[in-house]
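Please consult it alongside the sequence and the three-dimensional view.

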Amino acid sequence: MLTRAGSVVVFLAVLAFPFFYNLVSTGYSSSATAQPQLKIAKPGKCVEDTAWMRKNHMKMLIHVREKAVREGVRSVDHSFHGCINCHPKREEFCNRCHDYVGVKPECWNCHHYDL
Amino acid sequence: MATKIKHTRIEGKSSAYLVFMIVAGALAALSPLSALYLFFEGHHVTSMTNQVPWGMPIVMAIYLIGASAGSLVLSAMSSVFGRAEYKPFSRMAALLAVLLIVAALMAIIMDWGRPDRILVPFFHFQPRSMFSLNAILYSLYMALGIVYLWAMFHNKEKLERLLGLCAVALAILVHSGTGAIFGFVYVRELYNSPLLPPSFIAAALSSGTALMIITLHYTFRFTGRKLDERHVHNLGKLMGVFILVVIYFIFIENVTRSYAPKNYEAASFLLLHGGKYTAYFWIGLVLMGLVVPAIIALNGATGKSVRWILAASWLQLAGVMLERYLIVIPAQILPLEFFPNKEITSGFLDGQFAEYSVSLLEWIYSLGLAGVVMFGYGLAIRLWPMVPTEAAYPEQLLKTN
Amino acid sequence: MALDRRDFLTIGGLIAAGTALGSVGSAFSHTASGHEGHEAEPAVKRTGDRASSKNKWGMVIDIEKCGEGCDACVRACRKENNVPHFDDPKLDIHWIRKITFKQKGVPGAEERQMPAMCFHCEHPPCAHVCPVAATFKRADGIVLVDKHRCIGCRYCMIACPYKARSFVSMHVEPKPGDNRDVPVRMHGVVEKCNFCVHRIDSGEEPACVESCRKEGNGAMVFGDFNDRASKVSEMVRTSRARRIRPDLGCDPQVFYMGI
């Protein structure tokens, strides 16, 4: 039988599994830590500045989504469609960062991006 | 109060226990597996369709909630109503109540198309939706059940009485709410009835008692502890009375429904020419699930035999399962009426009787939920002192009997 | 002379028909003068830049005009909203369907057809039972499913009296040729007709109504019930337009003429 201390160690090991798993599976290469490079298809000015967008685009999209679905406010510039207008290729834009941080939003399951 | 009852953990070294836990664990593992399969594949792998959107998972959910509510009321009998004869299995009943509500919540949530959105109902409370109200009630009920168990373990009698009282009130509310999920649906004749909430409670009490009899008997037999037979006789009698109440509700509900000409079609579908549903109703539910167990339990000779009462309990458990099935399914089989006195057809199967038979995945799903309860019970009586060393019948009650 | 019931109805009917004819006539003259003879593209004018209770969208469907075997509305809807085919009638998603009906128990009774979709009830039972308000009624009366929020419990399908709802029970792959103005779908949520809400918001009528007018027989008319001058208001005022199952009290916003 495990002692109490032993079971705590086992528990912590199981808890830390994702950490070690990622460490091994990515080989801890330098590429995994390099900043992802975005390709901007239509360079120009975004509706908000880049730093703000990087931090808040998800909140903005959800806010605009609720407005559009529930209240019928269909202004384009801050919406998902607004994003697509300037960044038509998901692979070259959204995916770059989202793959990097391992966040999988559901937007593209239903909303057409590039086909 | 009766003599102090001593609870101990079971040893859990017998091979019977090992076999039980392996079987229960294997069954319990089926539950998340089938749920994951359903989540990734979509509901086309079940028999649930656009005509019959609710299938076996919902049947299981209301069945488990019912048994849970019944168990909790039984558990509170000793502390709240001062009935000393229910004291020995008060902990076991409360444990079952908690396990059953957990399994019921699993049944409901894993059946959602998007179980990953489990927290959404808590952020968007909709007081007009019975589901939304129930989400709150079920969570409260589960939490209260756990605190109530805790109070019992720590011999806090005043707290136990207070919590027991709240638990009974909440159990009744929870199960009325469950009945109202169906009773409030005014567009389907076979659902819409103010009698469903009380009828659900009656069936909860009868099935909860039946489950208690079975659990008591097998737990004491396999742990080699002594169970006074009079406990089983007493519970059997109680179950018999509850079954009579269930029969009364089913009778009133169907007679009332059959009286109005606009309901002839719906009522006669269930009672006269619904094919397998009519057979389930009369032979399965009324005869084998209600009348026979009631007769066994209330008859003088068979009511004093543990074997007979056990048989009656199994019949009753199956009967209430069938009752839930007959509440959920036939109402969806009947086509919705667009125009009175007109026949309609369409590419969407309008105006036709729908088809439903429990698919393999739904069987696995349901068995998995039973496994969760069994495994949880086996584990809990091993981990905590749930089962009394001896369940004697309180002597002072014998004099009055 | 005492009027009996039949006479009364006949006279009432004549008066109603007269007013209906008159109003149709005036409607024609109105469009003719406004648009130089072309049949007007009925614009859906919403008030302001958001859904507002100043509008109340609805539909009137004249069954007398609905052609047998014509499925222009169904095809248009499928195309517009990317509605998939599963090749299984029990699982197929239907936003709009053609219903055939005839008198029960009358041999050789005449069969007639009508389209049926979500009726966008004033008191929608689906929205009342939804535990998360994923189904809700917008300010302009359109009943919508917010698929971002739907948990897939299917209580709304139990509660809907008109079988307007379908559950997406299978994975659907987006494909080239899909209408990109409308998202596709994930399995596990409920969906239904939304009166082509994206078209209404951009001032167009629903796809089914448009195709009924252009390819079909012009049986469907869409408009604003709050606008007394709109064609739908006029039709409901002056004809015997009826709702389906008015006894339930859900007050659908889709009316039928000639049932």
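1. The crossing of helix 2 of chain B with helix 3 of chain B is left-handed (the near helix is turned anticlockwise from the far one by less than a right angle; clockwise would be right-handed). Helices are DSSP runs of H or I with at least four residues, strands are runs of E with at least two, and both are numbered from the N terminus. The model is predicted: local features need pLDDT of at least 70 and side-chain atom pairs pLDDT 80 or more, whereas totals for chains, interfaces and linings use all residues. Residues are numbered from 1 along each chain as its sequence is written, and chains are lettered from A in the order in which they are written.

2. The axes of helix 2 (residues 56–81) and helix 3 (residues 90–111) of chain B come within 7 Å and cross at roughly 160°. Helix 2 of chain B is therefore roughly antiparallel to helix 3 of chain B (an angle over 145 degrees). Axes are lines fitted to C-alpha atoms, for helices over the stretch in contact, and angles between N-to-C directions run from 0 to 180 degrees.

3. Contact means heavy atoms within 4.5 Å. Among the residues joining these two helices are B:Leu64 and B:Leu72 of helix 2 of chain B, and B:Leu100 and B:Ile108 of helix 3 of chain B. By class, this contact has 17 nonpolar, five polar and one charged residues (nonpolar: Ala, Val, Leu, Ile, Met, Phe, Trp, Tyr, Cys and Pro; charged: Asp, Glu, Lys and Arg; polar: the others, Gly among them).

4. Helix 2 of chain B also meets helix 6 (residues 157–183) of chain B, with axes within 9 Å and a crossing of roughly 155°. These two helices are thus roughly antiparallel, and their crossing is left-handed. The contact includes B:Ile65 and B:Leu72 of helix 2 of chain B, and B:Val168 of helix 6 of chain B.

5. Three strands form an open antiparallel sheet in the order 3(B)-2(C)-3(C); strands pair if DSSP finds at least two bridges between them. The edge strands are strand 3 (342–346) of chain B and strand 3 (112–117) of chain C. The twist averages 35° from one strand to the next.

6. Chain B and chain C bury about 4900 Å² between them, buried area being the accessible area (1.4 Å probe) that two parts lose on being put together, summed over both. The contact takes 50 residues from chain B and 56 residues from chain C.

Technical notes. Side-chain values use heavy atoms; hydrogens and water are left out. Angles under 35 degrees count as roughly parallel, over 145 as roughly antiparallel, 65 to 115 as roughly perpendicular and the rest as oblique.
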